[in-house]
Amino acid sequence: MNENIYTITELTRLLKAYIEKAPAFNGVWVSGEISNVTYHSSGHIYLTLKDENAVLSSVFFKYANRNLTFRLEEGMSVFAQGNLTVFEKRGSYQFIISQLKLEGIGELQKQIEQLKKKLLEEGIFDPARKRPLPFLPKRIGIVTSPTGAAVRDIIKVAKRRYPDIEILIAPAKVQGADAGISIVNAIEELNRPEWNIDIIIAGRGGGSFEDLMAFNEEAVVRAFFNSRVPIISAVGHQVDHPLSDDSADVCAPTPSAAAEIAIPVKDELIDYLFNLRGRSYTALLSRIRELNFHVDGFTRQRVFRNPLEIVSNRNLLLDDTEKRLIFAMRDIINTGRNNVLVLPDLVRMMHNVIKDKTHGYLVAVNSLEKLSPLSVMKRGFAIAADSGRNIVRSIRDIERGEDINVFLSDGSLECTVNSKTGEQFHGKEKN
Amino acid sequence: MEKKKTKPTLTFEHALKQLEEITDNLERGALGLDESIAEFEKGIKLARFCHGKLEEAEKKIEILQKGDDGKIAAKEVKVKNESGEIDDDDVDLQGTLL
């Protein structure tokens with residue numbers, strides 16, 4: 001027997017030291033296919049790499065795999081860099097992976113570039129063909145995974161902006177081999193007229209380049225282009241946007257942003273409509289007053305002191321259509337009756353119009369009073385008219401020395417103009 | 001075959017735009033009385049139309065499901081208020097339309 005007898009441990013350690021120190025194995029890159037992968041609860045990933053003739057048992061420790069942007073699956077072809085070591089207790093060698101890349105990622109990018117060029121020449125990305133989104137969609141179609149973050153984000157935004165909006169989700173796989181066909185299918189389904197969709201939002205939350213691959217597939221990019229319903233590409237991304245962004249009518253950087261773009265804020269629209277209506281009334285009222293300004297004693301009429309009294313005393317039919325009132329009012333004006341009769345009708349009409357049944361939007365009673373000319377004058381405003389009873393709007397309407405009437409809430413003053421001061425002169429006009 | 005052009009239906013957007021124009025016109029105060037009233041009347045009609053449009057949607061969330069017979073139907077689902085998460089045991093969230 002030779003005196004060089006090693007224990008198993010000694011031999012294994014020698015081997016371990018040899019392998020770990022060998023320059024050829026230091027930071028070596030290998031290419032292979034993942035054949036067996038286990039995500040351990042500790043965060044480490046255990047996997048076997050293989051090719052036709054050999055296997056390499058490997059471990060991807062938590063500290064090294066935390067930057068991995070995709071999930072390792074069996075059958076994936078990868079490049080892995082790492083160091084070899086010996087696992088003493090099992091008498092096996094092991095590959096400690098420091099980084100891992102999908103094989104063919106460069107190839108994929110090249111393919112995308114080629115597809116992009118081809119579709120560009122075809123006019124698929126032509127900005128001129130992009131359609132504007134309908135301003136007020138009633139029904140939104142969503143193409144995404146019903147369990148992903150995207151659908152939740154869109155629903156949250158929709159509920160906030162337009163609680164009544166209708167949402168129809170067409171479930172689709174958004175990653176994996178059959179994601180592309182699944183997305184195409186869902187987009188086509190939502191395009192069927194029976195679903196009555198006004199805008200489609202198709203996308204998913206952010207992910208790695210590989211995760212977003214489906215939105216670079218030719219069939220998917222074309223499905224966005226071919227969508228009869230205006231469509232938003234809503235794929236979360238930081239750097240490279242997917243090709244679907246270019247073929248959609250509108251693209252958004254995230255699903256939430258897509259919902260913000262697609263869905264208006266209902267309350268703002270309602271406020272704006274009331275604002276326009278209010279401005280129209282006010283403008284019409286002042287126009288009528290201007291054109292029929294027979295001021296003599298009008299402020300003494302009881303109806304102007306309290307327009308609401310008229311409304312309640314006469315127990316007016318508030319359900320009358322505005323149209324009838326307006327026509328009645330027009331008749332009154334056309335037949336040249338005293339304008340004193342016009343104003344109560346206006347008050348009545350305003351009351352009707354403002355009382356909006358569909359919304360239960362009731363303007364407070366005092367807003368009616370605010371519109372009464374008397375209450376405006378009671379706050380200290382006066383109306384000046386020239387000797388021809390025309391309202392004086394500008395200092396240019398009146399010459400120095402001319403007589404004017406100034407109407408206050410309780411009567412009128414006859415005045416003579418002594419001098420004129422224009423705002424733009426910040427002082428007295430010299431003439 | 002050439003399609004006959006039908007009169008486009010009034011959209012919310014167009015109605016709102018017309019209402020804005022009418023309001024501007026009225027505020028400019030350049031119209032006669034009859035015209036002002038006619039415009040005003042038109043404006044009220046447009047505003048009503050817009051309000052009506054705003055109330056058309058029926059507040060529901062649905063998901064398409066493929067039945068055993070292969071037919072695709074929309075199914076209304078409940079959604080958690082806070083998270084926006086679909087919360088419905090009767091819905092197959094793993095199913096696609098394939």
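What is the relative accessible area of Asp24(B)?

Modeller: Asp24(B) has a relative accessible area of 33% and is partly exposed. Buried means under 20% relative accessible area, exposed means over 50%, and partly exposed lies in between (1.4 Å probe, protein chains only).

First, the ground rules. This is a predicted model, where local features need pLDDT of at least 70, side-chain atom pairs count only at pLDDT 80 or more, and totals for chains, interfaces and linings use all residues. Residues are numbered from 1 along each chain as its sequence is written, chains are lettered from A and ligands numbered from 1 in the order in which they are written, and side-chain values use heavy atoms, leaving out hydrogens and water.

Now the partner. Arg279(A) forms a salt bridge with Asp24(B), and their closest N and O atoms are 3.3 Å apart. The pair crosses between chains: Arg279(A) sits in helix α9 of chain A, and Asp24(B) in helix α1 (residues 12-28) of chain B. Arg279(A) is partly exposed too, at 27% relative accessibility. A salt bridge here is a side-chain nitrogen of Lys or Arg within 4 Å of a carboxyl oxygen of Asp or Glu. Helices (H or I, at least four residues) and strands (E, at least two) are DSSP runs, numbered from the N terminus.

Step back to the whole interface. Chain A gives 59 residues to the contact and chain B gives 53; contact means heavy atoms within 4.5 Å. The two chains bury about 5,100 Å² between them, 67% of it on carbon and sulfur atoms. In chain A, Pro171(A), Leu273(A) and Arg287(A) lose the most area to chain B, together 11% of what that side buries. Buried area is the accessible area (1.4 Å probe) that two parts lose on being put together, summed over both.

Four salt bridges are found across this interface. There are also 14 residue pairs in polar contact, both residues at pLDDT 80 or more. The side of chain A that touches chain B draws its largest share, 16 residues, from α9(A). By class, that side has 34 nonpolar, seven polar and 18 charged residues. A polar contact is a pair of N or O atoms within 3.5 Å; within protein, one must be able to donate a hydrogen and the other to accept it, and residues adjacent in sequence count only if both atoms are side-chain atoms. Ala, Val, Leu, Ile, Met, Phe, Trp, Tyr, Cys and Pro count as nonpolar, Asp, Glu, Lys and Arg as charged, and the others, Gly among them, as polar.

β7(A) and strand β1 (residues 61-66) of chain B pair in the parallel sense over three bridges. Two strands pair if DSSP finds at least two bridges between them. Leu168(A) has Glu62(B) as its bridge partner in β1(B). For Ile169(A), the partner in β1(B) is Ile63(B). β1(B) is mostly covered, with five of its six residues buried.

β1(B) also has a neighbour in its own chain. Five bridges join β1(B) to strand β2 (residues 72-76) of chain B, and the two run antiparallel. β1(B) and β2(B) form a hairpin with five residues between them, and Gly70(B) in the turn has a positive phi of about 85°.
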